[in-house]
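Welcome! Let us take a friendly walk through a protein complex, one piece at a time. Have the picture ready as you read.

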Amino acid sequence: MSRMELYSPEGLRIDGRRWNELRRFESRINTHPNSCDGSSYVEQGNTKVICMVQGPMEPSSRSQADSAGATIEVNLSVASFSTFERKKRSKSEKRMVEMKATLERTFQQSVMCHLYPRTLISIDIHVLAQDGGLLASMANAVTLALIDAGVAMYDYVSCISVGLHDQTPLLDLNGLEEQDISTLTIGVIGKTEKLALLMLEDKMPLDHLESTLGIAIAATHRIRDLMDDEVRKHGNLRSSKLAKN
Amino acid sequence: MSRSVDVSTNERAYFIEGLKAGIRLNGRRFDEIRYPHNIHLSKEEYGYVELEWGKNKISVRVSSYIRKPFEDRPFEGIFNINCEINSMASAKFENGKNSDEEVLISRIIEKSIRRSNSLDLESLCIIAGEKVWNITVDLNFLNYDGNFIDIGCFGVMLALQHFKKPDISIINGGEDIIVHDINEREPQPLSILHVPVCLTYCFYNITNQQEVNIKGESTSDDIYLLDCDYKEDLLKSGSIIITLNKNREIIQLSKNGGIPIDASLLVDLALGSIKVVDELTDLMKKLIKDHEQQRFDELNLKLLQVGADR
């Protein structure tokens with residue numbers, strides 16, 4: 001695969017983007033108004049994720065009731081048709097457990113858990129299609145679904161993946177790029193530079209870390225705006241309906 | 001459910017006050033690690049290492065055998081890391097049940113060493129598509145005192161450098177192989193491309209105002225401790241694991257929850273870690289070299305050397 005030209009001398013990537021361009025980001029909130037408290041659908045390029053949030057509710061087992069704050073539980077299911085090659089994935093796969101734990105721990109901090117003691121917030125994530133940046137899309141979907149459910153959060157958690165090709169950072173990698181170059185996924189709270197989520201799986205020269213992080217943070221702020229637009233659009237729609245009645 | 005003991009509020013307050021005054025309860029500096037000690041490199045067996053790091057104790061065994069390679073990768077040997085954490089180490093780990101924490105520990109060690117290609121898999125190939133070496137590392141944690149990831153990674157890398165596989169000759173024009181007994185021919189060390197070193201930073205928010213921390217601009221309130229012990233680990237409000245090697249490459253970065261970290265601080269931590277990484281890599285190198293020398297002297301291998309020292 002490495003024979004493929006990921007970044008042409010003219011500065012174009014395999015899907016025709018420049019180094020600092022995001023893929024198409026589309027999101028919807030309140031997609032499943034009857035089946036759960038909050039839901040969202042996120043598309044980042046060809047990666048498609050549905051997220052549903054139940055709660056805060058009474059936990060089914062006593063062990064999940066924490067008197068200090070809400071417990072956040074993430075269930076991850078990746079559809080067997082989500083990749084080109086059909087493959088059944090088990091939930092106990094280490095990669096899945098790791099992503100699940102990462103999401104749980106990230107949102108445990110970003111949600112104002114202390115406002116909901118002795119409750120459980122259950123988050124179901126369904127991955128319909130994956131084409132790179134899976135963890136980022138999932139985190140974005142969870143943020144939107146939590147907002148839709150009306151769970152108090154400090155701010156949006158917006159996520160993006162960024163890779164490094166030779167010396168050039170490439171923003172928002174697709175599946176092909178992700179196979180070949182190292183990927184850094186970051187999640188930022190609101191419009192700050194605080195990293196709530198951080199995952200780098202392959203080698204990256206230390207001296208390029210700063211520039212890579214810089215572009216990634218700028219991208220998360222952009223993603224935050226895009227998500228915010230969607231939330232506001234939905235909010236306006238709802239309030240106009242209320243005004244009519 | 002984990003059966004770890006919760007720390008009392010008094011103890012927590014005492015600890016935080018200490019941090020505010022710039023003092024850790026164990027007397028170390030904030031960026032000081034506990035150096036490994038009591039390192040035992042087996043003389044009888046290649047690739048068996050026992051070491052202690054603070055009160056942590058691990059044993060690592062590397063073993064090898066010959067097998068058929070995977071069909072999609074005929075030129076590559078096979079390398080696995082088996083991470084065994086049971087309740088012997090600490091009551092917080094349960095036998096036979098993989099908690100999230102255990103999975104994260106083994107996953108990060110695996111990512112640091114296996115995925116980063118620190119072991120050259122192609123050098124493990126004997127006959128393409130037919131015979132390759134399978135290298136298995138068994139990592140057993142014997143006692144827990146915080147920070148399993150750093151010590152595990154150090155132990156595995158030390159054991160891999162200590163390990164030697166039997167020499168092999170290919171006969172009948174690539175049809176058959178002879179595996180030479182280790183007493184017959186000097187066994188071959190593995191080819192290691194780079195040595196990853198994991199460092200875990202735990203962080204503490206001493207103001208106890210989460211909202212300020214998440215939304216605020218000032219970062220002076222956060223304290224970062226390198227290589228936490230058992231108690232510090234219980235009190236942490238988050239941690240970040242940085243894996244680096246001597247070539248100034250970041251192998252792996254992961255932050256699993258905990259209070260958010262400022263991007264510039266992350267860069268500072270990574271740059272600051274280089275010194276510790278160099279120290280640990282050199283320590284490993286020295287240990288292996290001393291061990292080799294000792295073995296060389298004891299077995300009087302000089303007798304076997306042909307050629308004049310010029």
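## Before we start

Two packed helices are described by the angle between their axes and the distance between the axes. Here, an axis is a line fitted to C-alpha atoms, for helices over the stretch in contact.

Please keep in mind that this is a predicted model. For the complex, the predictor gives an ipTM of 0.83 and a pTM of 0.87. Chain B has a mean pLDDT of 86, and 93% of its residues reach 70 or more. Where pLDDT is low, the predicted coordinates should not be read in detail.

## A helix pair in chain A

Start with helix α1 (residues 94-110) of chain A and helix α2 (residues 134-148) of chain A. They pack at an angle of about 40°, and their axes are 11 Å apart. Because of that angle, α1(A) is oblique to α2(A). Their crossing is right-handed.

Which residues of α1(A) and α2(A) meet? From α1(A) come A:Met99, A:Leu103, A:Thr106 and A:Phe107, and from α2(A) come A:Leu135, A:Met138, A:Ala139 and A:Val142. Sorted by class, the residues of this contact are seven nonpolar, one polar and no charged.

## The sheet of chain A

Now look for the strands. In chain A, five strands form an open sheet with mixed pairing, in the order β1-β2-β3-β5-β4.

β4(A) and strand β5 (residues 120-129) of chain A run parallel and are joined by eight bridges.

## Two backbone details

A:Gly55 and A:Pro56 are joined by a cis peptide bond, with omega at about 0°. A:Pro56 belongs to strand β3 (residues 47-57) of chain A.

The other spot is A:Asn30, in the loop between β1 and β2 (38-44) of chain A. Although A:Asn30 is not a glycine, it has a positive phi of about 60°.

## Helices of chain B

In chain B, begin with helix α2 (residues 100-115) and helix α3 (residues 148-162), which pack at an angle of about 40° with their axes 10 Å apart. That angle makes α2(B) oblique to α3(B). Is the crossing of α2(B) and α3(B) left-handed or right-handed? α2(B) passes α3(B) in a right-handed crossing.

On the α2(B) side of this contact are B:Ile105, B:Ile108, B:Ile109, B:Ser112 and B:Ile113. They meet B:Phe148, B:Ile149, B:Gly152, B:Cys153, B:Val156 and B:Met157 in α3(B). The residues of the contact of α2(B) with α3(B) are nine nonpolar, two polar and no charged.

α3(B) also packs with helix α6 (residues 263-298) of chain B, at an angle of about 35° and with the axes 10 Å apart. The crossing of α3(B) and α6(B) is right-handed. Here B:Phe154, B:Met157, B:Leu158, B:Gln161 and B:His162 in α3(B) meet B:Leu280, B:Met284, B:Leu287, B:Ile288 and B:His291 in α6(B). That contact divides into seven nonpolar, three polar and no charged residues.

## Where the chains touch

Finally, let us bring the two chains together. How many residues of chain A are in contact with chain B? There are 31 residues of chain A in contact with 33 residues of chain B. On the chain A side, the elements that give two or more residues are α1, β9 (194-200), β10 (204-205) and α4 (209-244). Among these, α1(A) gives the most, with nine residues. By class, the chain A side has 16 nonpolar, six polar and nine charged residues.

β9(A) and strand β15 (residues 261-262) of chain B run antiparallel, and two bridges join them. In β15(B), B:Ile261 is the bridge partner of A:Leu195.

How values were computed. Residues numbered from 1 in each chain as written. Chains lettered and ligands numbered in written order. Predicted model: local features only at pLDDT ≥ 70, side-chain atom pairs only at ≥ 80, totals over all residues. Axes fitted to C-alpha atoms, helices over the stretch in contact; angles between N-to-C directions. Helix = DSSP H or I, 4+ residues; strand = E, 2+ residues; numbered from the N terminus. Parallel < 35°, antiparallel > 145°, perpendicular 65-115°, else oblique. Left-handed = near helix turned anticlockwise from the far one by under 90°. Contact = placed C-beta atoms within 7 Å. Nonpolar A, V, L, I, M, F, W, Y, C, P; charged D, E, K, R; others polar. Pairing = 2+ DSSP bridges. pLDDT = per-residue confidence, 0-100.
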